[in-house]
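Hello,

Here is the structure I promised to pass on to you. Have a look at it first, and then read on for what turned up in it.

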2 protein chains.
Amino acid sequence: MSPATRVTPLAAVLLTGDELLDGRVRDTNGAYLSRSLIERGFRVRAVVVAPDDRATIAGHLKRLLADAPRVLVVSGGLGTTHDDVTMAAVAQAAGLELREHPEAWQAVLEQVCAVAARRGIDVEPLLEQARKQALLPVGATPLAPAGVAPGAVLTVDGTTIVVLPGVPRELEAMWPPVLERLAAVAQAEPPRVRLLRLYGVGEMQVVPVLEAARHDLLDVAVTASVGEITLRLAAPSGAAATRQMVRLVEALSAALPVYSSDGRTVDELVADTLRAAGATVAVAESCTGGLLGGRLTTLPGSSDYFLGGVVAYADSVKTGLLRVPQEQLDAHGAVSPQVAGSMAHGVRSLTGATYGLSTTGIAGPAGGTTDKPVGLVYIGCAGPQGERVAEHRIGGDRQTVRRWTVTAALHLLRRCLEA
Amino acid sequence: MSPATRVTPLAAVLLTGDELLDGRVRDTNGAYLSRSLIERGFRVRAVVVAPDDRATIAGHLKRLLADAPRVLVVSGGLGTTHDDVTMAAVAQAAGLELREHPEAWQAVLEQVCAVAARRGIDVEPLLEQARKQALLPVGATPLAPAGVAPGAVLTVDGTTIVVLPGVPRELEAMWPPVLERLAAVAQAEPPRVRLLRLYGVGEMQVVPVLEAARHDLLDVAVTASVGEITLRLAAPSGAAATRQMVRLVEALSAALPVYSSDGRTVDELVADTLRAAGATVAVAESCTGGLLGGRLTTLPGSSDYFLGGVVAYADSVKTGLLRVPQEQLDAHGAVSPQVAGSMAHGVRSLTGATYGLSTTGIAGPAGGTTDKPVGLVYIGCAGPQGERVAEHRIGGDRQTVRRWTVTAALHLLRRCLEA
């Protein structure tokens, strides 16, 4: 543990919901809450996911409270059905009664009437169910709902418990102002953080460089995902830590392919570069089936530089729309550097984009041969300076190959834009 | 809690990694492990995410062990860097020493030599780091690695602790055989589960139907996500529970728009129907930017029915490639039922697909007007029976609008296929 972490206030997060455990819903709240707490200077001891069972939830709450965190965020289980038991579990863990809160009831009433009006349904049967959502532990303050369910804030033995709904949109609307108040009261000091992003090396090649540079005052974390490595360097205040941070960044940048050291992702770099150059891009996708276009349009305002393109999953679309020569397909196969190049050129001239970016590969699980195994991917980029084609051999299942290909395509575009 | 759950063996999951807490990596292992345990008949009491700190991890392990679960799965932190401390924390919590295991070292050695050969780098400096990965708590049995890091299995006071690497691909290769052995020993009986999938209603409309039918012997869970509701009904063995299950399914199916009661997702239904009919589909995407094609190619073998299509993000691509009349764009705007229809027809004739499926909408955050607010989306489907266009007004942020649109497009295609 670095010196910085010893003085940081503790926090913990408890998420409730059978659907988070049995795989029906992929949770986003845990990462959202813990990241936001860390960024505001808290140390998160745990994110716990628990089933919709009052006794189990109350048990987890008591254990988390035993650490005396400054903040305990609880999310989910504030709805109207029988398995929504979170507020009752909080009351049980805190040794408090549950009672209807007039302000909470007023908020619920307004929201339910609005929902009924919008859907054109009778409000009466809804009210009966909704009344449950106005029950809070005695002494708790309601949080105005972003959907129907109000949240609650209460303090138990020095820990502020914040109860929020599980719907990510509602949670993300209600949480930030609460966090700001809590961070101000806790006088939490966010660490200074540098993110270095690397592409084209494995974690094993990063470790020796890291260990050769002194960094005992820093928190250093290494993450590998779909072909990228992210190094997160966190420094407490103080000149010595600052010097270590500067030197470590220098050492890493000198020895390794660091493509971003200002926090920007490859998506943001590509977007900024295209926009600054007044350039546009279009895609020609085979194995990624549209995911590359989907990724390029994730950022708001992407219409400034993204025109669109062609999903050429079938060969008939490759020849018909992208004008890939049939002879090329016959001679080299659809998964070949030649076809990747032709697809990139084809979509560039078809759309008039500055850059054409293509993907063709074998995502699997079937379709691989000895010569062309599952995971073999070609990515093409055609632009004003000519054409580049990159070959990749990607390990992993179908989704991994496709996601890795999308990331690799962004990096090829980044390099073409740097040229 | 239903009677079935009282006899089910307990399980718990602990995931380690700062990157899971600070938002650099979105965890998939927690949901994967808990779902697999639930499907094999265990009851999961908790999924805990903890930072890379030995004392914190050991503390969580001790608390989870205090519940005496049959199985405790621990994942992550088996790498070679300083913040990989999981095996040491397990040893600490179990009160055991850490010692190099000859079999584990042999496995690490082989993997490291293979990695070095593939990358063409010197093996010696890697070996020094990798030695750490052969250290196991005394008495533990190593699990053969799927990457470099071996896992471990040990039993502490009746709890089997399974330690796995955090890389999802490695974890998912190493876990299933261990789970099968554990489930056999625990004589866990998987509950009989029915999944009902609904589209086009909100949770509030489901609750009254649910409450009108007796289901005290069943575990019933309701999940809402991007426009769909999933009801998971789990029954213990016995004739009374079976009768309740059958009647509840009947009541729900009679009152609500259940589109799937055999477990199949809308993706699988559409795929099966297209394949059975020998039909094909092509996409014309504006606001989804390729995500619809990406989703339609998620299932292996999708080339049987998916041809590809056009990402028409810029209006120039809508007119140039999809032959959307410029007058139509001028008169109604790109986000209009007319243009959605033209896009669907355009891609159908361009590719020769049986069905053309289009999306056009305002994903936001900018671009909304009073007449056409953010979240307004039109989806078109052109097929042998003619054309359908659906209007949606979707709440939420940019990613929500886009994901919801993709799901809604699959449902429109499903309905066209049923016609």
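Let me start with the contacts in chain A: among those between residues at least 6 apart in sequence, 69% join residues at least 24 apart. Please keep in mind that this is a predicted model. Chain A has 419 residues, and 58% of them count as buried. Its secondary structure comprises 16 helices and 17 strands. Taken along the principal axes, the C-alpha atoms of chain A fill a box of roughly 75 × 65 × 45 Å.

Next, the nonpolar cores. The largest one has 78 residues, and the members that touch the most others are A:Leu61, A:Ile161, B:Leu61 and B:Ile161. If you click on B:Leu61 and leave aside its neighbours within four places in sequence, you will find it in contact with B:Leu14, B:Leu72, B:Val74, B:Ala89, B:Val90 and B:Ala93. There is also a second, separate core of 66 residues, which includes A:Leu274, A:Leu292, A:Tyr305 and A:Tyr355.

Now for the aromatic rings. Over all chains, the structure holds two aromatic pairs. One of them is formed by A:Phe306 and B:Tyr313, edge-to-face, with 5.5 Å from centre to centre and 65° between the planes. This pair crosses between chains: A:Phe306 belongs to strand S14 (residues 306-312) of chain A, while B:Tyr313 is in the loop between strand S14 (306-312) and helix H13 (315-320) of chain B. Both A:Phe306 and B:Tyr313 are buried. The other pair, A:Tyr313 with B:Phe306, is edge-to-face as well, at 5.5 Å centre to centre and 65° between the planes. It too runs from chain to chain, with A:Tyr313 in the loop between S14 and helix H13 (315-320) of chain A and B:Phe306 in strand S14 of chain B. A:Tyr313 and B:Phe306 are both buried.

Two arginines also sit over rings. A:Arg131 lies over the face of A:Trp105, 4.3 Å from the ring centre. In chain B, the charged end of B:Arg131 is over the ring of B:Trp105, at 4.2 Å from its centre.

The largest cavity has a volume of about 270 Å³. It is lined by 24 residues, and those closest to its centre are A:Asp27, A:Val49, B:Leu15, B:Asp27 and B:Val49. Helix H2 (18-21), helix H3 (29-39) and strand S2 (43-50) of chain A, together with helix H2 (18-21), helix H3 (29-39) and strand S2 (43-50) of chain B, each give two or more residues to this lining.

H3 of chain B deserves a look of its own. Eight of its eleven residues are buried, so this helix is largely enclosed by the rest of the structure. Among the buried ones are B:Asn29, B:Tyr32, B:Leu33 and B:Ile38. After H3(B) comes B:Gly41, which has a positive phi, near 100°.

How values were computed: Residues numbered from 1 in each chain as written. Chains lettered and ligands numbered in written order. Predicted model: local features only at pLDDT ≥ 70, side-chain atom pairs only at ≥ 80, totals over all residues. Heavy atoms only, no water. Phe/Tyr/Trp six-rings, centres within 6.5 Å; stacked < 30°, edge-to-face > 60°. Helix = DSSP H or I, 4+ residues; strand = E, 2+ residues; numbered from the N terminus. Buried < 20%, exposed > 50% of the residue type's maximum accessible area, 1.4 Å probe, protein only. Lys NZ or Arg CZ within 6 Å of the ring centre and 35° of its normal. Core = buried A, V, L, I, M, F, W, Y, C linked by side-chain atoms within 4.5 Å. Contact = heavy atoms within 4.5 Å. 1 Å grid on protein atoms, 1.4 Å probe; cavity = no way out; pocket = protein on both sides within 12 Å on 5 of 7 lines; lining within 4 Å. Points joined across faces, edges and corners; volume = space filled by probe spheres on them.
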